[in-house]
Amino acid sequence: MSALSLRCITRRLAALPLALLLCAPASAATQVTVLIHDYAFEPRNLVIAPGTEVIWKNADAVPHNIVGVGADAHLRSPALDQDDSYRSRFPSSGEFDYVCGLHPHMQGHISVRP
Amino acid sequence: MHDESTPDATLPGPRLNRRRALQCLLWSGSGALWALRGGVPTLLGAIGEAQAASETFSFVQISDTHVGFNKAANPDTQATLQLAIDKVRALQPRPTLMLHTGDVSHLSKPEEFDTAAQLIGAAGLDTFYVPGEHDVLDADGGALWRQRYGRGTQGGGWYSFEQHGVHFIGLVNVLDFKPGGLGRLGSEQLDWLARDVKGLAASTPIVVFAHIPLWTIYADWGWGTDDAAQALALLRRFGSVTVLNGHIHQTLQKVEGQVSFHTAFSTAYPQPAPGSATNPGPLTVPAERLRSVLGIRDIRFAGGSAPRFDDLPLAQA
Ligand SMILES: [Cu+2]
């Protein structure tokens, strides 16, 4: 195994408790944060309750943005420089795919379930 | 391509073998004899028809100036751009024009474009731009870019022009990315390209410039263009095609038949070698080394169809 993939796994393991927490339906929570770090959305897959506000926060030294894919094309943030954040509320149930418009290999998904 | 290395005793030189020699001396379709020098095709001579080669002239490529970036990898990108322009001004002979292969700005802000125009304008050269993905971050996805740089361009900002017998083509591959995809030219631009080159003689030297590399360098980092092959197919009949790109903030070269590909230095910050880090983000090098990994490129046509290249760092290592 290369040092590269080992590092990736280590990073993912470190992010796991947070991911588990955020993957549970957040019935009471009104806000959850997706961290943009190391050219990835953490967590990549997020499950939230209707009405939840998602906050993306960019920790990288390069800008990223949030662009909805397909039917979710209304989701579009400005470029987020380091430490910038962007909020969007998801009022009703559905499945939402998004990417970074600068780095389209960065992909994320939000499931909104009651 | 150069994978076979059985030595052939009849040919001199430790690295030369018969197959390599055959590859390195090729008759082009237009009856010109080419040789590979330093991996780049160079015209040796011509037979039959008079070749429609370039006149003698040179031009400069700068790239990835990222005006507005101020993080650890380079807290003063204006100062390094200024150094780059000083270097351009000192070139002898004086270049005819300058190409900027995108990421002029870091965040597509009007004041970043203003500063860039002011610094780059000091070179006193006609400058031809194509956008990088950092230049089309405005809410309208590039409206600001087209307003500033789009005069005389088509569609998303692509165009072509002639200079000293060379046909220059500026392409845009930073719009309408697909999820998980690479750079993209799109069918409208490919149709335009087909029309643009249709009437040109195959002996016309072609220079293509675009931000994201038109060859896949590292797909996991998006370092390639999904539909580049379709563009290159339209250029296959030409005897000399030079492809100039930016985006990856380091110099890499590849030769494929009559087509040579070259990525350029940034003037702002370096990025890691393909796959050598977890992500392609800015690489912070010791401050005293920074200027040796930034630079400009001087490109010279000297009567032949293919140019010579000098990648010039802002300072020696
Ligand atoms: Cu990104």
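Analyst: Start with the place where two chains meet. Across the interface of chain B and chain A there is one salt bridge, meaning a side-chain nitrogen of Lys or Arg within 4 Å of a carboxyl oxygen of Asp or Glu. Asp81(A) and Lys71(B) form this link through their side chains, at 3.2 Å from N to O. On the side of chain B that touches chain A, 11 residues are nonpolar, 10 polar and five charged. Here Ala, Val, Leu, Ile, Met, Phe, Trp, Tyr, Cys and Pro count as nonpolar, Asp, Glu, Lys and Arg as charged, and the others, Gly among them, as polar.

This is a predicted model, where local features need pLDDT of at least 70, side-chain atom pairs count only at pLDDT 80 or more, and totals for chains, interfaces and linings use all residues. Residues are numbered from 1 along each chain as its sequence is written, chains are lettered from A and ligands numbered from 1 in the order in which they are written, and side-chain values use heavy atoms, with hydrogens and water left out.

Now the extent of the interface. Chain B gives 26 residues to the contact and chain A gives 19; contact means heavy atoms within 4.5 Å. Between them, chain B and chain A bury about 1,800 Å². That is the accessible area (1.4 Å probe) that two parts lose on being put together, summed over both. Carbon and sulfur atoms carry 64% of the buried area.
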